[in-house]
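Please walk through the fold shown here, one packing arrangement at a time.

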Amino acid sequence: MKELLYVIGVPGAGKTTLIDALLDGVPYELCSKPFEHRQYPGGVVLGGLRGTDTLGMSVQPLVLQWLDKTPAEVVLGEGDRLGNGSFFRAVQTLGWTLCIYHLDTPEHLAVQRRVERGSNQDPVWMKGRRTKVRELAATGLFEVGAPVHRIRLNGAEPVAGLVWQLRQNEAVMALRGEGLAVP
């Protein structure tokens, strides 16, 4: 069964930090075609080293075409670029199981992280991102038949604890190449 794992959260929630920690030390190949992605032993991470937000604004149809044909069984993504209801509905229509990890980070902590990295987003845009994430985390917005799993992660917890939680998912372990038979 093909599974798409997707981490959502407001800017500064820690999505990229979490994915980097989860895959730390796991070898990968950075691929540029048909869009930037990282090939791991047991699957693919969408986007470059900074997640899907490194992809172009019009990448969604290309990613969906790729998902329809890829032999990969596990795909992981994070970020705003593909984190939307239309993408998730289309993924389900293609028959993928969808697992949404909502990295729910207190606003003061997300703001602190954005300040530390020098981000200065428009307040109106930030309000829209908070609303979008809240709606995506809600139940029933994009189910079209294929299973959807929603898991809330506390973004204020230490990253090591969050990585431990993610590693309880067999698909995550497969992505890392753990538990795969070695020829």
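## Helix pairs, sheet and single residues

Helix α2 (residues 60–69) and helix α3 (residues 85–93) pack with their axes 10 Å apart, at an angle of about 15°. Because angles under 35 degrees count as roughly parallel, α2 is roughly parallel to α3. The crossing in which α2 passes α3 is right-handed. On the α2 side the meeting residues are Q60, V63, L64 and L67, and on the α3 side they are S86, F87, A90 and V91. This is a predicted model, and each value below is computed from it.

One residue of that contact can be followed further. L64 lies in α2 and has a relative accessibility of 16%, so L64 counts as buried, the cut-off being under 20%. Leaving out residues up to four places away in sequence, L64 touches F87, A90, V91 and L94. T54 is ten residues from L64 in sequence, and the two C-alpha atoms are 17 Å apart in space.

A second helix pair can be described in the same terms. Two packed helices are described by the angle between their axes and the distance between the axes. For helix α1 (residues 15–22) and helix α6 (residues 159–166), the axes come within 9 Å and cross at roughly 65°. The range from 65 to 115 degrees counts as roughly perpendicular, and α1 and α6 are therefore roughly perpendicular to each other. Their crossing is right-handed. From α1, the residues T17, L18, A21 and L22 take part in the contact, and they meet V159, L162, V163 and L166 of α6.

Next comes the sheet. Strands of a sheet pair through backbone hydrogen bonds, either parallel or antiparallel. Here seven strands form an open sheet with mixed pairing, in the order β2-β3-β4-β5-β1-β6-β7. At the edges stand β2 and β7 (148–154), each with a single partner strand, so one side of each has no neighbour in the sheet. From one strand to the next, the twist averages 20°.

Which strands does β1 pair with, and in what sense? With strand β5 (residues 74–78), β1 pairs in the parallel sense over five bridges. With strand β6 (residues 97–104), the pairing of β1 is also parallel, over six bridges. On the β5 side, L4 stands opposite V75. On the β6 side, E3 stands opposite T97, and I8 stands opposite H102.

Are the residues of strand β1 (residues 3–8) mostly buried or exposed? The strand is mostly covered, with six of its six residues buried. In a regular strand the side chains alternate between the two faces of the sheet. In β1, one side carries E3, L5 and V7 and the other carries L4, Y6 and I8; these residues are all buried, and both faces are covered.

Helix α5 (residues 123–137) lies across β1, β6 and β7, running at about 140° to β1. Within α5 is R129. The relative accessible area of R129 is 17%, and R129 is therefore buried under the 20% cut-off. Apart from neighbours within four places in sequence, R129 is in contact with V10, P11 and D80.

Most residues other than glycine have a negative phi, and most peptide bonds are trans. The bond that joins K33 and P34, however, is a cis peptide bond, with omega at about 0°.

Two cysteines remain to be described. C31 has a relative accessible area of 16% and is buried. C99 is also buried, at 2% relative accessibility. How many disulfides does the structure hold? The structure holds zero disulfides, a disulfide being a pair of cysteine sulfur atoms within 2.5 Å.

Technical notes: Residues are numbered from 1 along each chain as its sequence is written. This is a predicted model: local features need pLDDT of at least 70, side-chain atom pairs count only at pLDDT 80 or more; totals for chains, interfaces and linings use all residues. Side-chain values use heavy atoms; hydrogens and water are left out. Buried means under 20% relative accessible area, exposed over 50%, partly exposed in between (1.4 Å probe, protein chains only). Helices (H or I, at least four residues) and strands (E, at least two) are DSSP runs, numbered from the N terminus. Two strands pair if DSSP finds at least two bridges between them. Axes are lines fitted to C-alpha atoms, for helices over the stretch in contact, and angles run from 0 to 180 degrees between N-to-C directions. Angles under 35 degrees count as roughly parallel, over 145 as roughly antiparallel, 65 to 115 as roughly perpendicular and the rest as oblique. A crossing is left-handed if the near helix is turned anticlockwise from the far one by less than a right angle, and right-handed if clockwise. Contact means heavy atoms within 4.5 Å.
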